[in-house]
Amino acid sequence: MYKDGNIGFHITELYKKALEIIPFDKQVELSVETAEIFLSIGEIRKAEETVQKIVSSSEFPKLPANLRYTVFNKLFKIYYKSGNYVKAEDTLKKLLEISKDIKDENLLCNIYVKFGNVYARKRDFEKAKEFYTKAVEIGEQTDGARRCLASAYNNIAVYYILVNNDSDRALIYFQKALSLYESESNNISIIARIILNLGNLFKTKGYYEKAQDYYQRAHSFAIKHHLLDILANVYHEKSEIFFAIEEYELSEIFIKKALELHKALNGREGDYRAGQAFELLAKIEEKKGGSIERIREYVHEAIGYYTKSESWDDAIKLYDFLGDVAYKRGVYSISKESYENGLIFAQKYGIEEYKQKLQDKLRLL
């Protein structure tokens, strides 16, 4: 065990010593592997610095196209995981240029899926669908791109749920994705995610028993293969089902399990899900008739995480929720404060639908 407990420091020192004794092409491979280690321990800045050092080298443009692709692909992963979607998109454009030299349809399919994922994270769902559709077209025509095709099917299914509320069409794509992954790939993580998505689909349709069956399958995969993000989401979704059927004690147990895992994950997605978990805790507390102080505490925790993940709409909705709860209970000082804070966010980030609504509520006070 390291005396100072700083694993990142020791990895950096070993990495520097190794660079002094190996040729540049091996330095590239080592840098990519080292960056992955930094990512796994949450050292996102160090991961980026490690890869950028290779990219900025005068030797980098001379590397074979496939090696440059590997480097930029790792850089994309770093930016995507950290929530820097502008840089992630810029990196994908570089990958797109390199793929023209490699002339591999499978790589092109994967790039389009990644573009779709970036736009989905930016909530530009129509643009995301455009890229997922391109990936599907390539995947269906390319023998070596079946894994990418499965990923495209999965992601476009999510689009049909989120945007079109077309669960029947989404189910078709989820089943296509699962069939491909189970027959063509041993990627347990993605199989578990598709099973989780199927659970979410049935939860959305109100088929809670069917949803719970899929969540149990996803839970088994997550426990067996240590997939903490899947496990976090299984607990979260189960909690929402228990909330919907008014089993508030069970809902609270599961969302607290989910929250601990969400907080342990790095990046914007973990922050956003932690915000959702605290929001659900606030709503559970309200349903149980808990104190306004406790509800307020959960709301402020949620808003803190929503702010970190730049989810302004969700933060404003939660200020509105707290304002309404406080108003109904006659605690007008908290109600006024919440509406005012929500209005500040709405004005700052140009979210018009809430400006008038919150101003009207403030007038009533």
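Contact here means heavy atoms within 4.5 Å. The model on screen is predicted.

**Stop 1: helix 16**

Select residues 312–328, which form helix 16. Helix 16 has 17 residues and spans 25 Å from its first C-alpha to its last, close to the 24 Å expected at 1.5 Å a residue. Of the 17 residues, 12 are buried, so helix 16 is largely enclosed by the rest of the structure. To see them, pick Trp312, Asp314, Ala315, Ile316, Leu318, Tyr319, Asp320, Phe321, Leu322, Gly323, Val325 and Ala326. Next, show what surrounds these buried residues: they pack against helix 14, helix 15 (292–308), helix 17 (332–348) and helix 18 (352–364). Beyond the end of helix 16, select Gly330, which follows the helix and has a positive phi, near 80°.

**Stop 2: helix 14 against helix 16**

On helix 14, the contact is made by Tyr272, Glu279, Ala282, Lys283 and Glu286; on helix 16, by Asp314, Leu318, Phe321 and Val325. Coloured by class, this contact shows five nonpolar, no polar and four charged residues.

**Stop 3: helix 14 against helix 15**

Hide helix 16 and bring up helix 15, residues 292–308. Helix 14 and helix 15 pack at an angle of about 165°, with their axes 8 Å apart. Angles over 145 degrees count as roughly antiparallel, and this pair is therefore roughly antiparallel. Helix 14 passes helix 15 in a left-handed crossing. The helix 14 side of the contact consists of Asp271, Tyr272, Ala274, Gly275, Gln276, Phe278, Glu279, Leu281, Ala282, Glu285 and Glu286. Facing them on helix 15, select Arg294, Ile295, Tyr298, Val299, Glu301, Ala302, Tyr305, Tyr306 and Lys308. By class, the contact has 11 nonpolar, two polar and seven charged residues.

**Stop 4: Ala88**

Move to helix 5, residues 85–102, and select Ala88 within it. Is Ala88 buried or exposed? At 0% relative accessibility, Ala88 counts as buried. Leaving aside neighbours within four places in sequence, show the residues in contact with Ala88: Phe76, Tyr79, Tyr80 and Val118. Finally, draw a distance from the C-alpha of Ala88 to that of Gly206, 118 residues apart along the chain; the separation is 36 Å.

Technical notes. Residues are numbered from 1 along each chain as its sequence is written. This is a predicted model: local features need pLDDT of at least 70, side-chain atom pairs count only at pLDDT 80 or more; totals for chains, interfaces and linings use all residues. Side-chain values use heavy atoms; hydrogens and water are left out. Axes are lines fitted to C-alpha atoms, for helices over the stretch in contact, and angles run from 0 to 180 degrees between N-to-C directions. Helices (H or I, at least four residues) and strands (E, at least two) are DSSP runs, numbered from the N terminus. Ala, Val, Leu, Ile, Met, Phe, Trp, Tyr, Cys and Pro count as nonpolar, Asp, Glu, Lys and Arg as charged, and the others, Gly among them, as polar. The expected span of a helix is 1.5 Å times one less than its number of residues. Buried means under 20% relative accessible area, exposed over 50%, partly exposed in between (1.4 Å probe, protein chains only). Angles under 35 degrees count as roughly parallel, over 145 as roughly antiparallel, 65 to 115 as roughly perpendicular and the rest as oblique. A crossing is left-handed if the near helix is turned anticlockwise from the far one by less than a right angle, and right-handed if clockwise.
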